[in-house]
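Here are my notes on the structure you asked me to look over.

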Amino acid sequence: MSDNYYLEMLDINKTFPGAKVLNHIDFKIKLGEVRALMGENGAGKSTLMKILGGIYQKDKDSGRILIEGKEVEINHVDDAKKYGISIIHQEISLAENMTVYDNIFMGCELDAGIKGFLNDKEMIRRAQAIVDELKVGIDVRQKVGDLSIAKQQMIEICRALLSKAKVIVMDEPTSSLTQTEIEQLFEQIRKLREDGIAIIYISHRMEEIFQISDSITVLRDGSLIGTKQAGELDNRKIIEMMVGRDLDNYMRNDAVLDIGEVCLEVKNLNNKKLKDISFTLRKGEILGFAGLVGAGRSEMARAVFGIDRIDSGQILVGGKEVKIKSASDAIRAGIGYVPESRKEEGLVLSNSIKFNLTISVLEQFIRGCLVNRKKETEIIDEYVNKLSIKMASADQLVQYLSGGNQQKVVVSKWLATKPDILILDEPTRGIDIGAKTEIYHLIVDMAKAGVAVLLISSEMEEIMNLSTRIVVMYEGRIKAILTEEETKKAVQEDIMWYASGRKKDEAE
Amino acid sequence: MHRGGRKMKQNENKKNYLIDNGLVGFVRRNMGILIGLAVLFLFLSIFTDSFLTTKNMLQVLRQICINALLAFGMTFVLIIGGIDLTVGSVVAISGVSIVMLLNTGMPLPAAFLLSLLIGSLIGVINGSIIAFTGMPPFIVTLSLQGAIRGVAYVITDGRSVSCENEVFNAIGNGYFLGIPLPIYIVALVMILISVILYYTRFGRRMYAVGGNVTAAQFSGIHVKRITVWVYIISGTLSALAGIILASRMYSGQPASGQAYESDAIAAAVLGGTSFNGGIGTIGGTLIGALVIGFLTNGLNLLHISSYVQMIIKGIVIIGAVGIDILKNRNKKG
């Protein structure tokens, strides 16, 4: 049954509370093969790899994992290591307080003569050898915290190379590497392939995929779409596999919006993560921001809202330039921001709905030390009704609400400030369909009421259905701004095309 | 957190970024506190007659031994990102235990070992609750601090228990070659735990756990196991301190060791141990303990009231740690 596959993952299922994230996935790889694993954000790539690495466990009684044809159990990182599986995680996971070689050997330190005692000399020698081979240009006795992000990422790669792995998983390894560093990495990958090591390579960058991979596996919504030889595919075909063909099922936003004058204009905005961002937003418009994770959309929002520093560029509100240096400047200019991670940035979970709803508008009903209870109740009632927040009472703690209802509380909190411009960052992430629909209605209602909405979402349908115009970002830059006409005709493939770094005129 | 801001001029002066584990590196890293220690020493030598005498020096060093042992354990706990507030109570219960056991006629080695094990057991309890329930170390050890002291009061009926065992009483009061015995014990412990911290896999993994728990987990390090062991070490060292203190006082006293955890934490932090975990050295902690010991002794010799002493100590600690933080901030630019 296994024709020389080193690793076979068969019929893998994974369920998180409330969501099935992997659905009968088969994944097989041979030694000496470089396999690209592709799919949209949330397609299940990272989850599958975390199961392989022993960080998550697959659902009980579902599927099998075979190494060289023999069934194995991978329940812990140690198990994965034993079977020669090494994972370079997307988020850098190094201890910054320690040296480079300590990090490279973390968890598999070399023993001196006696077991349990360290052989630092040998660790330094071997670590330095691998670092030199990759031309990272550092002394392995340096502290990791003193290194740049790119160098830190290279250290993660060194760690995998040194572990004598049979299968190395690289989850977006190039996201912060320079072109030269990428070249060096690819050189190493080719060398590893010759040495008979299997590489699973996760990346959103098409060029890289075709440069380095032998075969490509595509996942979508937790299901396996297919595995093909790289030669059989091209950009278009991969994107088609990634987004699927069921595009017609989604209704367009047919509401006729009354679009008014320009109320927000961003000109040549630059900072560490953003390059030359320029766009305009009109009253009553929904401007969708599409792009892959890390494309810089949230960073754009954070810069406009005054959380991240702006190095150069202008922000004009209502035609007048405003200096936004902090969130309170932004609020004063009439901008509201519903952040991406509602738990960390948008809500005080351990407090009541009432508290959270009114925290940004306290001055409306508190004069000096007098609290106008009636006014407070009015404000709360208005939004609770408007959004149909399901709750026992306004005193209920926010942490016991469902994700959808939590999100409604965050949105309400900002609506209460009556903003002219509202930035919504991934407003429907992790909430169920019902709540999503309510939030969609809310967004459209806001636009109808004349609010200018800036909508960031990784869900393509959401962007396409709701937006008046669509901005596509890639690596901190704006790759394309689709006009109203283009937005109406756009299909997912077009947006994916720009989102993976292609230009307009490159299209076929 | 502030990763982005760290595009440093990396290779210009590479050597500066290496961790120098030699004496020079140690002095450089602890420069502030060493200067403080020297100034304190000089000041007290000039302004008091009795400070710089052999008798007083040996006396102070003997006093410092108790805090040094607690502070070593605390350093371990702080390195993995925890805290142990039970150390003072463990001092009390182990001191009471050894005296009571000796009074039943149990031979000294057995009583000694058993009392140490009581400290270890408390470490197991601390560590297990923290590792397996995920409760914050501060809360767990704060609660147990009261509980353990309560036990010490209950088993003694709230009275101190005096000890007639001559050999036992010599542990805290005796001399060998003119030097108090506790100093030998602390020196021995220091060598032992330095070896653990710097030369073993376990020690290295402690830094990994404190530096980045996720990274440690992803690397296959058994974080829970390490956590439990570190609290065991802290508990055992506290028990050792308690035994020495009981011997010194010729009695086990349930009220002893009150608020000792704060001096232990102060010594570790003065010595450069980070409250955020991942950073700390045994040598630094020793210097921290010396500073606190000399300061207390000096203030006594200057006849400053114990109330005013509390104020001065508080200011010194805030000042020393504050200077250290400012220094590091400047270095990072």
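1. Two residues are in contact if their C-beta atoms, placed from the backbone, lie within 7 Å. With that in mind, and remembering that this is a predicted model, consider B:L69: leaving aside its neighbours within four places in sequence, B:L69 is in contact with B:V186, B:V189, B:L237, B:L240 and B:A241.

2. Chain A contains 18 helices and 22 strands. A compact globule of 508 residues would have a radius of gyration near 23 Å, and because chain A has 25 Å, its value agrees with that expectation. Along the principal axes, the C-alpha atoms of chain A fill a box of roughly 75 × 50 × 50 Å. Of its 508 residues, 44% count as buried, and among the contacts in chain A with a separation of 6 or more, 68% are made by residues 24 or more positions apart.

3. Chain B, in turn, has 14 helices and four strands. Its radius of gyration is 21 Å, close to the 20 Å that the globule rule gives for 333 residues, so chain B is as compact as a globular protein of that length. The box filled by the C-alpha atoms of chain B, taken along the principal axes, is roughly 65 × 55 × 35 Å. Buried residues make up 46% of the 333 residues in chain B, and of the contacts in this chain between residues at least 6 apart in sequence, 78% join residues at least 24 apart.

4. Where the two chains meet, 29 residues of chain B are in contact with 29 residues of chain A. On the side of chain B that touches chain A, the elements giving two or more residues are α9 (201-211) and α10 (213-218) of chain B, and the largest share, six residues, comes from α9(B). Sorted by class, the residues on this side of chain B divide into 13 nonpolar, ten polar and six charged.

5. Two packed helices are described by the angle between their axes and the distance between the axes. In chain B, helix α5 (residues 108-133) and helix α6 (residues 137-156) pack at an angle of about 145°, with their axes 9 Å apart, and the crossing of α5(B) and α6(B) is right-handed. From α5(B), the contact is made by B:I122, B:I125, B:N126, B:I129 and B:I130, while α6(B) contributes B:P137, B:V140, B:T141, B:L144 and B:I148. By class, this contact of α5(B) with α6(B) has eight nonpolar, two polar and no charged residues.

6. Most residues other than glycine have a negative phi, which makes two places in the model worth a careful look. A:E475, in the loop between β21 (469-474) and β22 (477-482) of chain A, has a positive phi near 45°, and A:E475 counts as partly exposed because it has 16 C-beta neighbours inside 10 Å. B:D157 has a positive phi of about 60° although it is not a glycine; B:D157 is found in the loop between α6 and β1 (161-162) of chain B, and with 8 C-beta neighbours inside 10 Å it counts as exposed.

7. Which residues does A:G84 touch, not counting residues up to four places away in sequence? They are A:A165, A:K166 and A:V167. A:G84 and A:K166 are 82 residues apart in sequence, and their C-alpha atoms are 4.7 Å apart in space. A:G84 itself lies in the loop between α2 (77-82) and β6 (85-88) of chain A, and A:G84 is partly exposed, with 18 other C-beta atoms within 10 Å.

8. Is B:F47 buried or exposed? With 11 C-beta neighbours inside 10 Å, B:F47 counts as exposed, because a residue with 12 or fewer is placed in that class. B:F47 and B:L302 are 255 residues apart in sequence, yet they are 8.3 Å apart in space, C-alpha to C-alpha.

Terms used. Residues numbered from 1 in each chain as written. Chains lettered and ligands numbered in written order. Predicted model: local features only at pLDDT ≥ 70, side-chain atom pairs only at ≥ 80, totals over all residues. Nonpolar A, V, L, I, M, F, W, Y, C, P; charged D, E, K, R; others polar. Axes fitted to C-alpha atoms, helices over the stretch in contact; angles between N-to-C directions. Left-handed = near helix turned anticlockwise from the far one by under 90°. Rg over C-alpha atoms; globule rule 2.2 N^0.38 Å. Buried ≥ 20, exposed ≤ 12 C-beta atoms within 10 Å, placed from the backbone.
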